Every structure is written in C-alpha cells, then in structure tokens.
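Please look over the chain below, then read on.

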Amino acid sequence: MTVSSPGQTPSETSPMLETRTQFTSPLNRFVKCLWHSEGESNKDWQQEQILPTGSVDLIFKLQNNRPVPIFDPADNALPSCSGSIVSGAYSRPFTLDTSRPAPTIRVHFHPGGAAAFLGVPVSELMNLHLSLEELWGP
C-alpha cells in the first residue's frame, strides 16, 4: 500500500502499512488527518522515537487490548497505555514500543484543534498519555 498526501508526486510517497484520510471544511480546521493501520509490520526495529509536533492524537486500538509501553526519558517513566487513549502534545521526544503492532485508528489534530473535542484545555494534557476513561470517566 502506498500513502500519499494531496499534491505529492509518486516519487514523494513511501510504502507503508497505513492509510491516511484528510478532511474538508469545517472538520479540516481541527483535524489534520484520520490515520489507520492494519497492525501489520515489516519493520526491523522494536521501538520508534516520536518527535514533538505540538499535536494531540486520539488513538483507538481495534483489537488486542495489550498495553503499549511508552518510555519518557525526561522522567525515566515507563507508563503503558491500553484501549483508547489520548496522546497530549509533547514538548520532548518519547519512545514507543512497536514490537507488537495492532490494528489502530488515530485522529491526528492540528495544533490546538483537539480542545473543541476533548472538553479539557489541551495544556492539561501536555506530555501525557491517558486512557479515555481517565480523561472522561467510565
């Protein structure tokens, strides 16, 4: 499968096991893209370093509710998240364990775009991963 964004030429695309959908107005003011991964992987690595983007993501695992370890080197923490989670905007990189991929849908917001959907100030989510149950309650 090849992933490309509008305006990209075929030489600018790369083979990946995911698809991305971009929206039109008015949703595109808040949501950068909807990202879907089948959970298959042809990676030779077990971890990915995620760089800060100033964006918030809602992540829905579609099966296999096994926790995903997340290592934050700033505080030497190794929290893990399972189920549906919100990934707050990060001001520093963190490492994600990708050794056991699972089918996933991710809503990737523009910086500042998540506030209208989450019901909390985005600043409260800075450098955090929380389950949606922790955020909104059971």
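Gln-47 touches Thr-95, Leu-96, Asp-97 and Thr-98, leaving out residues up to four places away in sequence. A contact here means heavy atoms within 4.5 Å. Gln-47 and Thr-95 are 48 residues apart in sequence, yet their C-alpha atoms are 6.5 Å apart in space. Gln-47 lies in strand β5, residues 47-50. Helices (H or I, at least four residues) and strands (E, at least two) are DSSP runs, numbered from the N terminus. Gln-47 is exposed, with a relative accessible area of 52%. Buried means under 20% relative accessible area, exposed means over 50%, and partly exposed lies in between (1.4 Å probe, protein chains only).

Residues are numbered from 1 along each chain as its sequence is written, and side-chain values use heavy atoms, with hydrogens and water left out. pLDDT is the predictor's confidence in each residue, from 0 to 100. The chain averages 76, and 70% of the residues score at least 70. Over residues 1-16, pLDDT stays under 50. Where pLDDT is low, the predicted coordinates should not be read in detail.

**Strand β6 and its partners**

Which strands pair with β6? Strand β9 (residues 85-87) runs antiparallel to β6 and is joined to it by 3 bridges. Strand β11 (residues 104-109) also pairs with β6 in the antiparallel sense, over 5 bridges. Two strands pair if DSSP finds at least two bridges between them. Asp-57 stands opposite Ser-87 in β9. Leu-58 has Val-107 in β11 as its bridge partner.

Leu-58 also belongs to the largest nonpolar core, which has 15 residues. Val-56, Leu-58, Val-86, Phe-109, Leu-118, Leu-125 and Leu-135 touch the most other members. β11 and α2 (132-136) each supply at least two residues of this core. Such a core is a set of buried Ala, Val, Leu, Ile, Met, Phe, Trp, Tyr and Cys residues joined through side-chain atoms within 4.5 Å. Beyond four places in sequence, the contacts of Leu-58 include Ile-85, Val-86, Phe-109 and Leu-132.

**One salt bridge**

How many salt bridges does the whole structure hold? The search finds 1. Asp-57 pairs with Arg-106, with the closest N and O atoms 3.8 Å apart. Asp-57 lies in β6 and Arg-106 in β11, so the pair ties together parts that are 49 residues apart in sequence. A salt bridge needs a side-chain nitrogen of Lys or Arg within 4 Å of a carboxyl oxygen of Asp or Glu. Asp-57 counts as buried at 10% relative accessibility. Arg-106, at 23%, counts as partly exposed.

**Aromatic pairs**

The count comes to 3 aromatic pairs. Two of them are tabulated here.

| Pair | Centre to centre | Angle between planes | Class |
|---|---|---|---|
| Tyr-90 and Phe-94 | 4.4 Å | 45 degrees | tilted |
| Phe-109 and Phe-117 | 5.4 Å | 45 degrees | tilted |

Rings of Phe, Tyr and Trp (its six-membered ring) pair if their centres lie within 6.5 Å; planes under 30 degrees apart count as stacked, over 60 as edge-to-face and the rest as tilted. Tyr-90 is buried at 8% relative accessibility, and Phe-94 is buried at 6%. Phe-109 is buried at 2%, whereas Phe-117 is partly exposed at 39%. Ring pairs link Phe-30, Phe-109 and Phe-117 into a cluster.

Notes:
Predicted model: local features only at pLDDT ≥ 70, side-chain atom pairs only at ≥ 80, totals over all residues.
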